[in-house]
Every structure is written in structure tokens, then in C-alpha cells.
Amino acid sequence: MSVSSVERPVSALRQRMLEDMAMRGLRSDTQRNYIRVVRDFATFLRQPPDTAIAEDVRRFQVHQRESGAQPPAINCSASALRLFFTVTLDRPDL
């Protein structure tokens, strides 16, 4: 029995982030982790991640810590969101 994978269409924003990560030579595992972080951030916000403000990022980090995330995981999230906002969105203010 073969398992077929269901492919979801990739949004323009996700595609741009994937391209930005590939240009920087990030490994595929790191790319998957960064995409997961941005998806988790969007779920936390209940809105598209590109609409976030600085306070939303802070609240997400507090939420992660209160949920039991360890510092290395929170640091990984910070790196993912830094790339997303400063490179992909060109919003260094966040």
C-alpha cells in the first residue's frame, strides 16, 4: 500500500522565506524548523505573521517559556523570527 503525500500550495510569503533561507545555505532541517516556528507564531497570533508587531513577538516568547520551552528552543525561535522579519519582510524594526 502506497502512501500519497498531500501537497498544499505554498504561499508567496512562505516561498520567499524558503528562497531566503536557501540563499543563506541553511540546511533543510533548519529550514523546516524555521517554517514550523513561523507557522506556530501565526497560530499563536491567530492572524498572518506578517501583521505582527514587536509586542506580539515578545508575547510569543513569554508564551513559549510558560509552555515549558527550554532556552535553546526559544533561541531557535528567535533566530527564525529574526530571519523572517528582517530578511523576508525587510522589517528590521522587529
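Helices H2 and H3 are roughly perpendicular to each other (65 to 115 degrees). The angle between H2 and H3 (residues 54-66) is about 100 degrees, and their axes lie 11 Å apart. From H2, the contact (heavy atoms within 4.5 Å) uses Val37, Asp40, Phe41, Phe44 and Leu45. H3 supplies Asp56, Val57, Arg59, Phe60 and His63. Six of these contact residues are nonpolar, one is polar and three are charged. The model is predicted, with local features requiring pLDDT of at least 70 and side-chain atom pairs pLDDT 80 or more, while totals for chains, interfaces and linings use all residues. Numbering starts from 1 along each chain, and side-chain values use heavy atoms, without hydrogens or water.

H2 (residues 28-45) also packs against H4 (residues 71-88), at about 85 degrees with the axes 9 Å apart. H2 and H4 are therefore roughly perpendicular as well. Tyr34, Val37, Val38 and Phe41 of H2 meet Cys76, Ser77, Ser79, Ala80, Leu81, Leu83, Phe84 and Phe85 of H4. This contact of H2 with H4 has ten nonpolar residues, two polar and no charged.

The whole structure holds four aromatic pairs (ring centres within 6.5 Å). The Phe41 and Phe85 rings have centres 6.1 Å apart and planes at 90 degrees, so this pair is edge-to-face (over 60 degrees). Phe41 belongs to H2 and Phe85 to H4, so the pair ties together parts 44 residues apart in sequence. Phe84 and Phe85 also pair edge-to-face, at 5.0 Å between centres and 70 degrees between planes. Phe41 is buried at 0% relative accessible area (under 20%, 1.4 Å probe). Phe85 is buried at 1%. Phe84 is buried too. Phe41, Phe44, Phe60, Phe84 and Phe85 make up one aromatic cluster.

Technical notes
Axes fitted to C-alpha atoms, helices over the stretch in contact; angles between N-to-C directions. Helix = DSSP H or I, 4+ residues; strand = E, 2+ residues; numbered from the N terminus. Parallel < 35°, antiparallel > 145°, perpendicular 65-115°, else oblique. Nonpolar A, V, L, I, M, F, W, Y, C, P; charged D, E, K, R; others polar. Phe/Tyr/Trp six-rings, centres within 6.5 Å; stacked < 30°, edge-to-face > 60°. Buried < 20%, exposed > 50% of the residue type's maximum accessible area, 1.4 Å probe, protein only.
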